Amino acid sequence: MPAMGEIPISVVLILAPIIAFVFLGFFILRFFLKTPYSKRTFEAIWDIEKVVLETIDFDHATQKVVNIVLTELGYLKYGYHVIVLTLLDHERGELRRIAISNTESADKFLKASPIPFQNIRIPLNSFENLSVKAIRENKLQVTSEVADVLVPALPREWVKDFQNQLGIKTTLVYPVTAREKVLGAIIFSLNKDKSKIKTEEWTLLESFVGAVGIALDNALLFRSLNITRNQLAQANARLKELDKLKDDFVSVASHELRTPMTAIKSYLWVAMNKKGAELSEDMKRYLSRAYISVERLINLVNDMLNISRIESGRIALKLSEVNLNELVNEVTEEVGVKAQERGIRVIGLNKQIPKVIADRDKIHEVYLNLIGNSLKFTQAGGTITIDFYEKYPYVFCSVRDTGVGIAPENISRLFTKFGRLENSYVAVAESGGTGLGLFITKSIVNLHKGQITAQSEGLGKGSTFIFSLPVIGTDIAQQLKDEAPKETDETKDLEKTSVNFV
Amino acid sequence: MEKKKILLVEDDQFARELYEEVLKDAGFEVNSAVDGLDGLAKIKIGGYDLILLDVMMPKMDGLDVLRSLINEPPAVKNGPIVLLTNLTNDPVIDTAYGLNAKGHLVKSDITPGELVDHVKKYTDESQLTESSPIADSSSS
């Protein structure tokens with residue numbers, strides 16, 4: 001993309017027409033002040049401005065530019081016979097012809113030329129070529145030899161011969177610039193001597209070339225935008241395809257992994273539970289540790305599947321109006337037996353709170369995971385309290401325990417993938433945890449446009465996890481309904497995970 | 001009391017032999033099939049109280065087994081067909097429910113003990129809903 005620099009393309013595209021307008025105004029004004037001799041000339045420059053502002057198709061715009069001065073200005077009768085626009089191709093290091101006027105002389109040239117017009121390319125190291133010189137020196141070049149602008153692409157002798165047939169006497173090469181960058185060159189071939197060009201003509205040519213620069217710059221930007229857009233569309237399609245492939249691969253791989261893992265798990269279970277085969281205490285410990293580890297492996301596969309789905313936006317939310325008090329009652333009942341076994345009280349404080357918009361099953365899992373964590377890190381005699389408070393437009397749900405607490409420096413790591421804290425490893429290992437539970441929990445809450453935070457006064461002082469959900473009828477609730485991932489063929493539900501309370 | 005008859009359609013040898021063993025230990029009569037075709041042939045004989053059907057299998061997958069049964073129901077009736085698979089959250093599960101599967105058990109999620117519990121539950125239910133469909137065939 002030439003002439004783009006560091007400026008984002010969108011900014012350039014917005015600014016380009018404005019700058020173009022200002023510049024053209026300047027050119028027109030200057031032209032008008034210096035050469036107040038023709039209303040038609042003024043209109044022609046205005047036409048060029050229209051080309052600048054309406055440019056969509058690159059080829060169309062450049063063709064229009066080379067024709068305007070001839071057709072609109074009637075400059076044919078002043079001896080302007082061929083106008084050619086060339087464009088710098090930095091990648092190939094050459095000057096390419098992109099447009100030629102629709103004039104009789106130009107037609108003759110096109111028919112006679114031994115190589116097609118579009119293939120006349122001038123390498124930028126051809127110093128004998130006047131177009132190259134005009135670009136290098138950023139200065140107008142004048143010659144009586146047309147060959148000076150066509151070598152080395154066409155043989156000098158052939159051009160000379162053809163020039164005589166057409167009666168071309170003078171050729172002008174202007175560098176075409178915009179935003180202080182040279183974009184190419186425009187070539188005017190005339191059938192009169194340089195000395196016959198009037199002062200007003202020089203002024204008009206200068207103004208015209210300035211306008212061409214802006215038109216060309218604009219056209220280039222539109223073209224590069226189109227190219228970029230196409231490339232982006234292709235890249236996007238490819239990414240989607242890759243994402244699907246990745247998801248399919250993860251699905252198949254996890255199914256394949258489950259087969260041997262199931263065999264290990266099942267045989268270990270039978271080894272431990274075989275009737276009439278008493279195991280020594282050591283043997284029981286070995287087998288039980290192997291069993292816990294394979295459970296963890298299975299959970300890991302499931303959690304990785306979940307994360308893959310969450311990250312590729314394939315988890316849909318089945319939203320409904322949820323009464324959180326009811327949900328918490330269910331959850332406390334569900335974990336009651338396990339908590340009792342460990343001598344921990346689980347209390348759900350029923351509060352007057354509005355309903356929230358949520359995927360009930362997924363918030364159920366969020367609660368199970370948070371309570372499950374609290375159970376892991378709270379000793380017998382402790383308490384887990386589930387509470388709420390309303391702070392428009394959210395209900396904040398808290399799970400507070402009297403457990404081991406979290407050191408302040410560790411709080412930020414809690415919600416990252418495998419962000420498990422070192423001293424928690426044993427507790428987690430024994431429960432078959434994966435280190436992914438809080439990450440998934442946070443992802444579920446975030447999908448609901450809520451936030452989750454953890455608080456602790458420090459080690460030994462218990463922990464509180466608080467997450468928010470949108471109250472029904474609020475703007476954020478509506479936004480959630482509008483934007484939440486919907487169920488499609490592509491979406492899948494969460495796997496049974498370590499989020500599920502073991 | 002007559003032993004309940006279970007058909008286990010499972011291609012993985014380790015899983016098949018283990019499930020056979022725990023179900024027999026739990027007092028069931030167990031026949032097994034090693035792939036979909038074998039499974040279909042045995043289902044067509046009929047007379048099972050419960051069929052545990054894997055999905056991903058060589059020769060014929062579980063879904064095709066279910067389809068064939070809809071097209072050509074066995075002359076002698078069977079109890080419910082329950083998927084026993086490691087596929088989770090897969091569209092084929094929903095498809096299977098549409099093809100008369102009565103349930104879905106995920107092998108990696110359950111212990112052999114839990115499998116026995118599920119099997120007991122399904123066979124008890126089927127006895128309540130169907131009037132001794134296997135009396136004739138089991139005596140044959």
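**Entry 1: the sheet of chain B**

I count two strands as paired if DSSP finds at least two bridges between them. With that rule I looked at chain B of this predicted model. I found 5 strands in an open sheet, in the order β2-β1-β3-β4-β5 (chain B). The pairing is parallel. Which strands stand at the edges? I noted β2 (29-33) and β5 (101-106) of chain B. Each has a single partner strand, so one side of each is left without a neighbour in the sheet. I also took down the twist, which averages 20 degrees from one strand to the next.

Next I went to one pair within this sheet. I saw 5 bridges joining strand β1 (residues 5-9) of chain B to β2(B), and the two run parallel.

**Entry 2: chain B as a whole**

Along the sequence I read the pattern β-α-β-α-β-α-β-α-β-α-α. Of the 140 residues in chain B, 38% are buried. I then checked contacts with a separation of 6 or more in chain B, and residues 24 or more positions apart account for 66% of them.

**Entry 3: chain A, overview**

I turned to chain A, which has 14 helices and 13 strands. Of its 502 residues, 38% count as buried. I ran the contact check here too. Residues 24 or more positions apart account for 72% of the contacts in chain A with a separation of 6 or more.

**Entry 4: a sheet of chain A**

I traced an open sheet of 6 strands in the order β3-β2-β1-β6-β5-β4 (chain A). Its pairing is antiparallel. At the edges I found β3 (121-123) and β4 (141-143) of chain A. Each of these has a single partner strand, so one side of each lacks a neighbour in the sheet. Direction ignored, neighbouring strands here are turned by 25 degrees against each other on average.

I followed the strand pairs one by one. Strand β1 (residues 80-89) of chain A is joined to strand β2 (residues 94-100) of chain A by 6 bridges, and the two run antiparallel. I noted A:E94 in β2(A) as the bridge partner of A:D89.

Which helices pack on this sheet? I found helix α3 (residues 58-71) of chain A, which touches β1 and β2 of chain A. The direction of α3 makes about 150 degrees with that of β1(A). I also found helix α5 (residues 130-137) of chain A on the sheet, touching β1, β2, β3, β4, β5 (170-178) and β6 (181-190) of chain A. The direction of α5 makes about 40 degrees with that of β5(A).

**Entry 5: β6(A) and its partners**

Is β6(A) mostly covered or mostly open? I marked β6(A) as mostly covered, with 8 of its 10 residues buried. β1(A) and β6(A) pair in the antiparallel sense over 7 bridges. There I saw A:V84 opposite A:I187 in β6(A).

On to β5(A), which 9 bridges join to β6(A), again running antiparallel. I wrote down A:I186 in β6(A) as the bridge partner of A:Y174. β5(A) and β6(A) form a hairpin with 2 residues between them. In the turn I flagged A:R179, with a positive phi of about 45 degrees.

**Entry 6: a helix pair in chain A**

Two packed helices are described by the angle between their axes and the distance between the axes. I looked up both values for helix α10 (residues 324-341) and helix α11 (residues 360-376) of chain A: about 35 degrees, with the axes 10 Å apart. The crossing of α10(A) and α11(A) is right-handed. Among the residues that meet, I listed A:L327, A:V331 and A:V335 in α10(A), and A:I363, A:Y367 and A:I371 in α11(A). By class I got 10 nonpolar, 1 polar and 2 charged residues in this contact.

**Entry 7: where chain A meets chain B**

How many residues of chain A are in contact with chain B? I got 17, against 15 residues of chain B. α8(A) gives the most to the chain A side, with 12 residues. That side divides into 6 nonpolar, 5 polar and 6 charged residues.

I then followed helix α8 (residues 199-273) of chain A to helix α1 (residues 13-25) of chain B. Their axes come within 10 Å and cross at roughly 30 degrees. α8(A) and α1(B) are therefore roughly parallel to each other, since angles under 35 degrees count as such. α8(A) passes α1(B) in a left-handed crossing. The contact is made by A:T262, A:A263, A:S266, A:Y267 and A:V270 of α8(A) with B:F14, B:A15, B:L18 and B:V22 of α1(B). I classed the residues of this contact as 7 nonpolar, 2 polar and no charged.

Key: Residues are numbered from 1 along each chain as its sequence is written. Chains are lettered from A and ligands numbered from 1 in the order in which they are written. This is a predicted model: local features need pLDDT of at least 70, side-chain atom pairs count only at pLDDT 80 or more; totals for chains, interfaces and linings use all residues. Helices (H or I, at least four residues) and strands (E, at least two) are DSSP runs, numbered from the N terminus. Axes are lines fitted to C-alpha atoms, for helices over the stretch in contact, and angles run from 0 to 180 degrees between N-to-C directions. Two residues are in contact if their C-beta atoms, placed from the backbone, lie within 7 Å. Angles under 35 degrees count as roughly parallel, over 145 as roughly antiparallel, 65 to 115 as roughly perpendicular and the rest as oblique. A crossing is left-handed if the near helix is turned anticlockwise from the far one by less than a right angle, and right-handed if clockwise. Ala, Val, Leu, Ile, Met, Phe, Trp, Tyr, Cys and Pro count as nonpolar, Asp, Glu, Lys and Arg as charged, and the others, Gly among them, as polar. A residue is buried if 20 or more other C-beta atoms lie within 10 Å of its own, exposed if 12 or fewer, and partly exposed in between; C-beta atoms are placed from the backbone.
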